[in-house]
Amino acid sequence: MSIWRFSLYSFLISTLSSCAAYPRLLNTPVDPAGRSLNSPAADLSPSISGRYIVFVSEREQRQDIYLYDQQNQRTIALPGLNALDTIAETPSVSTDGRYIVFAGNRQGRSGIFIYDRETRQLRNLTENLNATVRNPTLSANGSTVAFEANLNGQWDILVYNRDGQPLDLPTPVR
């Protein structure tokens, strides 16, 4: 029986290691200065799209957004994104790394924020929405944002374009 288990184990290892979708370890060292993917700080909510990994980290003793470029193996500066008065959560990034969306809590009010790396502009997409919002996700090209909103006492999924306009999606007939 043990020979059979060993053979099965060997087969699975060789099969799974050749799968493109099988998880692989990104061998990045821990950088105490916080310039690498890994750090001694708490790193939360990683999201990957293309060559970019976006995540929240407490490297500066607050919850900030970080963007890591796997190809160049370095974090990318995000001027104008992180603010002392905003707690950031659940970021998502477009495939080209230009747009980052995240849930933020600023002055006790939740919002869905989008950051454009090219223009260095940060906007609250849900500024005029009277609801608690959470868990945004960004389309691959950065044109569409989906998120949860607590409207009328229940959680619904809303879809906005990156300009902050709700998309009028067809409702299924019942």
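**Labels and their grounds**

Reply: Start with one pair of residues in this predicted model: Ala146 has Val159 in S11 as its bridge partner.

Me: What makes strand S10 and strand S11 a pair?

Reply: Two strands pair if DSSP finds at least two bridges between them. Strand S10 (residues 144-151) and strand S11 (residues 154-161) are joined by 8 bridges, so the pair meets that condition. The two strands run antiparallel. Their hairpin has 2 residues between the strands, and in it Asn152 takes a positive phi near 55°.

Me: Why are S9 and S11 called edge strands?

Reply: The open sheet has 3 strands in the order S9-S10-S11, with antiparallel pairing. Strand S9 (132-138) and S11 each have a single partner strand, so one side of each is left without a neighbour in the sheet. The twist from one strand to the next averages 25°.

Me: Which strands are at the edges of the sheet of 4 strands?

Reply: That sheet is also described as open, with the order S1-S2-S3-S4 and antiparallel pairing. Its edge strands are strand S1 (43-49) and strand S4 (74-76), since each pairs on one side only. Here the twist averages 30° from one strand to the next.

Me: How do you know that S2 and S3 pair?

Reply: The count of bridges between strand S2 (residues 52-57) and strand S3 (residues 64-69) is 6, and the requirement is at least two, so they pair. The sense is antiparallel. Within this pair, Val56 stands opposite Ile65 in S3.

Me: Why is Ser94 called buried?

Reply: Buried means under 20% relative accessible area. Ser94 has 0% relative accessibility, so Ser94 counts as buried. The residue lies in the loop between strand S5 (86-93) and strand S6 (99-106).

Me: What does Ser94 touch, leaving out residues up to four places away in sequence?

Reply: The list is Ser49, Tyr52, Tyr99, Leu138, Ser139, Ala140, Asn141 and Gly142.

Me: What makes the link between Ser94 and Asp96 a polar contact?

Reply: The distance limit for a pair of N or O atoms is 3.5 Å. The contact that joins the side chains of Ser94 and Asp96 is 2.7 Å, so it falls within that limit.

Me: How many helices and strands does the protein chain have, and what figures describe the chain as a whole?

Reply: There are 1 helix and 11 strands. From the N terminus on, the elements run α-β-β-β-β-β-β-β-β-β-β-β. Of the 174 residues, 36% count as buried. The chain exposes about 11100 Å², with carbon and sulfur atoms supplying 52% of it. Among contacts with a separation of 6 or more, 30% are between residues 24 or more positions apart.

Note on methods. Residues are numbered from 1 along each chain as its sequence is written. This is a predicted model: local features need pLDDT of at least 70, side-chain atom pairs count only at pLDDT 80 or more; totals for chains, interfaces and linings use all residues. Side-chain values use heavy atoms; hydrogens and water are left out. Axes are lines fitted to C-alpha atoms, for helices over the stretch in contact, and angles run from 0 to 180 degrees between N-to-C directions. Buried means under 20% relative accessible area, exposed over 50%, partly exposed in between (1.4 Å probe, protein chains only). Contact means heavy atoms within 4.5 Å. Accessible areas come from the Shrake-Rupley method with a 1.4 Å probe; for residues, only the protein chains shown count as cover. A polar contact is a pair of N or O atoms within 3.5 Å; within protein, one must be able to donate a hydrogen and the other to accept it, and residues adjacent in sequence count only if both atoms are side-chain atoms.
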